[in-house]
Amino acid sequence: MLIRGEHILSVSTGSNRIVGDDGGVTGSAKGSDPVVSAVNLRHSYDGRKFALDGVSFTVRRGEVFGLLGRNGAGKSTLIKAMTTLIQPTSGTLRVLGMDPAHEGQRIRNRIGVVQQAESFDFTTVQGNLDVYGMLWGVPKAERRRRREQLLTRFDLGDVRKRRAFDISGGQKRRVQVAREFMHDMEVLFLDEPTVGLDVIMRRTLLDSIRDEVRRGLTVVFTTHNLEEADYLCDRVAVMDEGRFIVLDSVENLKRLYGGKKTIDLTVAGEGPSSFFSALTERLGPRASVSTHGGSAVILTEDPKDALSKIVELTQAMGVQLEWLTVRKNTLEDVFLRSVGRGGETRAVA
Amino acid sequence: MPLPNLLRLIYRNIVVNTDPGSLVILIGLPGMYLVFFGFGFQSVTSSSGSGTSYLAFLAPGILAFQVVMAGTVAGSILWSDRRWGMLSQLLVGPFTRLQYLLGIMLTSMLFGLGGAVVMLGVAYALLGTGPAHLLAFGVIFASITVGSIFFGALMLLIAALVKSNTAYNSIQILLIFVVNFASTVFYPLSNGLPVVLRVLFEVNPLTYVADSVRGAYSGALTATDVYQMLFLAAETVVVLVLATRAYMRSNVAYE
C-alpha cells in the first residue's frame, strides 16, 4: 500500500496545509485604501467582441491580487488597461486614485510592469538593467548597486555580458523581472512572470515578490500556474470570456468550493466493483464515489471517518489496496469548477 | 539630478542603437559614396576637359545625404523597439508617447549632425578646403537639422503605417534610392533631363537640402536656396504632424 506521507500527515493533524505552504502572504499589512478600482469595465478591440465585459473589483494597498483564467480570458487586456496601454471602451477605472485616460504618465511614474511578451534593448544583460535604471532616473551609483544585487539575486552573473537576446528563455524572463526592480514603485503588474522558469528560480522570484510585498508593494499578477497563485496571492479572480466569475480570498475559495476532501484509491485484483458498491453504501450520502476500473475518487467532508471505513472494508473483504491518498482541495479544483469543468460556474457576489 | 525624460530617451537611443554596424552604415556609406563616386566621376570630368571638380561638387551633396541616413535611423529605432517589445515596455514607463516620438526624432537629428561633421572632415581632407565663413557652417547645420527632422518624420510616418518589418525595409530601400538619385546630391539639375525626372528633382526635399548646403559650402547661397529651405521647413511641419498622428494611433505591439 502506498501512502503519501505529507498528505497522511495533513489528515492526521487535521490541518489543510502541507509543509512549506502558508497559503499566501498573510503577514503583510493590507491597507484599506484602494490602489486599483474598476467599475463595470468593458473593452472591445474590434467593436463586436468584448475582451473585458463588465469587470468590477478593487485591489487594496499591500495586497497580492491574482488573475487566473484560460488563454484569451481577458487577463492581459485588463493588465493593459490598468497600466494605461489601452483605454477601456467604457466603465470606470482608477489606479492609485487617478484616471488612466487623463493621468497616464503620473500613474506610470508610480508603477512597474513586467509584460508577458519579451522586451529587451539590443545590448547585454547588465546593459539592459543599466539603461532601464537610467530611463527611470535612478542615479548612477544607486543603479550600479541595484544592478549587482539583482544580478546576484536572479542568478544572472554568468550571463551579464551576453546579449539579452542570446540567453535562454528562462534567463530572459529573469532579466525582465530583475530589470523592473531597478526602480521604485508602488504597484507592480506582472503578466505571467514565471513562464519558462525552473522550479528554483520560480520560487526565488515568488519569494522576491513576497519580500517586496512585506515592504509595502502592491502586486497584481496573472498566471496559469495555480500553485504559485496559491503560494503568493491574498485574493484571486478567475476570469472567463472577459468577466470575473470568481473573486475571493484563496482560503475562502477553497472552502467554498470544497469543504470536502478528495481521497484517491486503487485496489488490486479482479472484481473491485463489488468492493466499490459496498464502499459507497458504507460511506453513505455524505460522500460521493466515482469509479473507473480499479480506481475510485471519493469526495467527503470527513476524510478520517472515510479512511477508517475504507481500511475496515478492505480487511473484511480481503481486498488489497495499491494506492491511497488524501489530498486537500487545491486552487486547481476551484479553477476547474469555476470555469465550468468539474462543477457549475458561480457568479461573483 | 536625473536627466529630463526626453534626454533620457535620447541617451538610451544613442547607447542602444550605436553599434559598430550602424555606425559603418551611417558614416561609412556616405563616405564611400564620396570616395568612390567622387574620384570615379572626377576622372570622367577631367578626361572630358571640364573645368569643374566633381569631387568639389559632390562633397556638399554627400553632406546633405546624411539627412536621409538620419531618417533611416528614426524608422529603424521605432521598428526595433516595436519588434523587440521595448516600445510597449517604454510606454508603460514614465514617458508619454509624444516624448518617445520626439526622443527618436532628436536622436536621428543628432545622428544627422554628427554624420555631417564627420563628412565635413572627410571633405576637407580630400579637397583641402571647406566653407569659408562661420555663417556658412550655420546654414549647413540648420539645413541638416531641418532635413533630418523631415526625413526622420517621414520614416516614422511610414514605420507607423506599415504593418510588417519586411515591408518597411523594402519601402525604405526604395525610398533611399529614389530620393538620393532623383536629387541634386550627385548631379546638378539640368535642362537636358527628361521632364518627369526634372519634376522629381524639383519636388524632392533632398534637393533643397543639397542646394542650400552646396550654396553655403561654396559661398554662393542664392535666394532660391533660402526659399527652398523655408518651403522644406513648412513641409517638415506637415510631415511631423502626420507622423505624430499616425504614431499616436498605431498599435504598439509588433505584428
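Modeller: One thing to start with: α3(B) and α7(B) are roughly antiparallel to each other. Do keep in mind that this is a predicted model.
Biologist: Thanks! At what angle do α3 and α7 of chain B pack, and how far apart are their axes?
Modeller: The angle is about 175°, and the axes are 11 Å apart. Since angles over 145 degrees count as roughly antiparallel, the pair is therefore described that way. Helix α3 of chain B covers residues 54-83, and α7 of chain B covers residues 165-181.
Biologist: Which residues meet there?
Modeller: From α3(B) you have F65(B), V68(B), T72(B), G75(B), W79(B) and R83(B). On the α7(B) side they meet N165(B), Y168(B), Q172(B), I176(B), V179(B) and N180(B).
Biologist: And how do the residues of that contact divide by class?
Modeller: Six are nonpolar, five polar and one charged.
Biologist: Nice. Switching to the two chains: how many residues are in contact?
Modeller: Chain B has 18 residues in contact with 20 residues of chain A. On the chain B side, α1 (5-17) and α4 (86-91) each supply at least two residues.
Biologist: Which element of chain B gives the most?
Modeller: That's α1(B), with five residues. By class, chain B's side has 10 nonpolar, six polar and two charged residues.
Biologist: Now chain A. In what sense do β9 and β10 pair?
Modeller: Antiparallel, over six bridges, with β9(A) at residues 235-240 and β10(A) at 243-249. They form a hairpin with two residues between them.
Biologist: What stands opposite D240(A)?
Modeller: R243(A) in β10(A) does. In the turn, E241(A) has a positive phi of about 50°.

Key. Residues numbered from 1 in each chain as written. Chains lettered and ligands numbered in written order. Predicted model: local features only at pLDDT ≥ 70, side-chain atom pairs only at ≥ 80, totals over all residues. Pairing = 2+ DSSP bridges. Helix = DSSP H or I, 4+ residues; strand = E, 2+ residues; numbered from the N terminus. Axes fitted to C-alpha atoms, helices over the stretch in contact; angles between N-to-C directions. Parallel < 35°, antiparallel > 145°, perpendicular 65-115°, else oblique. Contact = placed C-beta atoms within 7 Å. Nonpolar A, V, L, I, M, F, W, Y, C, P; charged D, E, K, R; others polar.
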